[in-house]
Amino acid sequence: MKWGRLALLCAFSMAILFAAPFIGVPRVPFSELFVLPQADDISVLWDLRVPRVLLGWVTGATLAICGMVFQALFRNSLASPDLLGVSTGASLGAVIYIRLGLSFTLFGVLSGLSLAAFLGALLATFAIYMAGSLPRGGMSEATLLLTGVAMSFFFSSMNMIIQYSGGYIDTFRMMRWSMGGIRAVKFAPVYAPLAALAVIFVTAIFTAPELDLFVAGEDIAESRGVSVSKLRRRLFVLVSIVVGVNVAVCGPIGFVGLMAPHICRRLVGADHRNLTIASLLFGGAFLVVCDTGARTLWAPGEVPAGILTSCLGSLFFLWLLFRGRERG
Amino acid sequence: MNGMRFFDIKSLSLSLGGAPILRDVNFSLEKGKMLAIVGPNGAGKSSLLKCIGRLYKNFSGTVSLEGTPLSELSMKKIARRIAWVHQTGTDTLPFTVREFARMSRYPWHEGFALSTKEDEKIIENALVTAGVVSLAERQLNSLSGGERQRALVASALAQGTDILFLDEPTNFLDYRHQVETLELIERINQEQGMTVIIVTHDINLALHGADEILALKNGEVLWSGGRSAFLEKKMLSQIFDTSFEEFENPGQEIPYLAPTGFVR
């Protein structure tokens, strides 16, 4: 039955991935691709829509898997990458970059803003990691989690100080950035997040048995042969870097990492091998739907996708929660 | 003298947060025996078990198994020898009994491995031994205390080790389920020849099945040796600061012990 659900989810996710580029203003009818294709339409489709939809799917899938790994590592259903300082660290990097009035592009493809955000994410990870391993005997799940939350608030405050001190235009750019959005022109911005997704997907699939045991608790995991603190350290750093790569390109996109794993758990159960695949498919589809909404609902204007994910996600999540409660 | 003991614990000491928990614990255990670690609350029983099984690592002293210090082995290698039934933390797990037993096969797998036919056979045998075949597809968090305890023993058996550690396995169980759990543990010890170390504060349960007794008080070994010697020495009142009375136990060689009041 679980394989059936996974197959359905796969079909659903792929359908959305292929349909989404044809939705939007200007409309690019599917039929036109084969009969009398127009240069403008082809360009809209291949240079704007397809990269953007692909980036959206990759981002949603990455955040969902990263959220799943964090929730297992910390045995806490509220753990998610955006809660643990990585996203706020990235925002801080981006905000500093804008405030300093920097503007450069590395190798012609890597924007300075993305680089600054990525450095911010790395720095935040390093700080949390160091602070979390200060207590003797290594990091317990609770210290690491609380360190992350505290650091996140600290970075947010720095963020606001810098925003507050900036001029109108800077502040506007900073705010826009920290709302998160899927922006891609041609395929260059997709490569790094796609590579990061591949890394975290393979890692999650291979460490699925360990993640199952993590959920069962530290003592059980250790007594079944998992080196808990070593693996937790590694996964924490890896997830943070992967999220850092993504946030650098898309900005912080809330709630996907928190919510998608929960919904997938309800669909396919607690087994992390199935859950990884489900999170990939569902997270990707969910963000593409949100982003398609973000660029069509107010067409020709658009809203940042991050706002829609949080809004739709939280409502959907509440509905799931209360529906589950009624059934007991 | 064969010279090589099965379990050998030498000058083991542990401090947590600056407070001494265990002081200079020494003992050894032969293969296939069942040892009960007894003592009052806070004596360091569970901590000692966790040190031996390396769930605690920052203690001093050595724990060797067949002459090899366990500190030289990876957690995975240790998990091929020692299986655990833990005291707490299993009442809310989102797994079925069979899934939880399957998770115990982890130490035998390398890399990306799905459960093999042989794994499933071992799991099935474990479920049969622990008497939980009918509960196999139930969620752990839907089981009663006694059922869950047997499910946890099944999971430990599925790990395929020759040593079993149990931390207060009869806590929170009513009398029938205490007896049931204990008989299961004794059967595993006698029929499958597993070496068993059990931590308990229930002296009657300890004396019923254990060959050896290790009595702890305030982190120090007060006494260790065979159970009949333990009874002859009248150690109990010293360990628990409570006087005990012995009652004849029909059909059993070991008397039943009941606390009768404080030692003043």
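How many helices and strands are there in chain A? In this predicted model, chain A has 13 helices and two strands.

The overall dimensions of chain A come next. Its C-alpha trace spans about 65 × 55 × 40 Å along the principal axes. A compact globule of 328 residues would have a radius of gyration near 20 Å, and chain A agrees with this because its own value is 20 Å. Of the 328 residues in chain A, 48% are buried. The contacts of chain A can also be sorted by sequence separation: among those between residues at least 6 apart in sequence, 78% join residues at least 24 apart.

Chain A also touches chain B. In these contacts, 16 residues of chain A meet 21 residues of chain B. On the chain A side, the elements that contribute two or more residues are α8 (208–216) and α9 (218–223). By class, that side of chain A consists of seven nonpolar, five polar and four charged residues.

In chain B, strand β4 (residues 60–65) pairs with two other strands, and each pairing can be followed in turn. With strand β1 (residues 7–16) of chain B, β4(B) pairs in the antiparallel sense over five bridges. One of the residues involved is B:Ser64 in β4(B), the bridge partner of B:Asp8. With strand β5 (residues 68–69) of chain B, β4(B) also runs antiparallel, and two bridges join them. Here B:Ser64 stands opposite B:Pro69 in β5(B). What do β4(B) and β5(B) form? They form a hairpin with two residues between the strands, and B:Glu66 in the turn has a positive phi of about 50°.

Conventions
Residues are numbered from 1 along each chain as its sequence is written. Chains are lettered from A and ligands numbered from 1 in the order in which they are written. This is a predicted model: local features need pLDDT of at least 70, side-chain atom pairs count only at pLDDT 80 or more; totals for chains, interfaces and linings use all residues. Helices (H or I, at least four residues) and strands (E, at least two) are DSSP runs, numbered from the N terminus. The radius of gyration is taken over C-alpha atoms; the globule rule is 2.2 Å times the number of residues to the power 0.38. A residue is buried if 20 or more other C-beta atoms lie within 10 Å of its own, exposed if 12 or fewer, and partly exposed in between; C-beta atoms are placed from the backbone. Two residues are in contact if their C-beta atoms, placed from the backbone, lie within 7 Å. Ala, Val, Leu, Ile, Met, Phe, Trp, Tyr, Cys and Pro count as nonpolar, Asp, Glu, Lys and Arg as charged, and the others, Gly among them, as polar. Two strands pair if DSSP finds at least two bridges between them.
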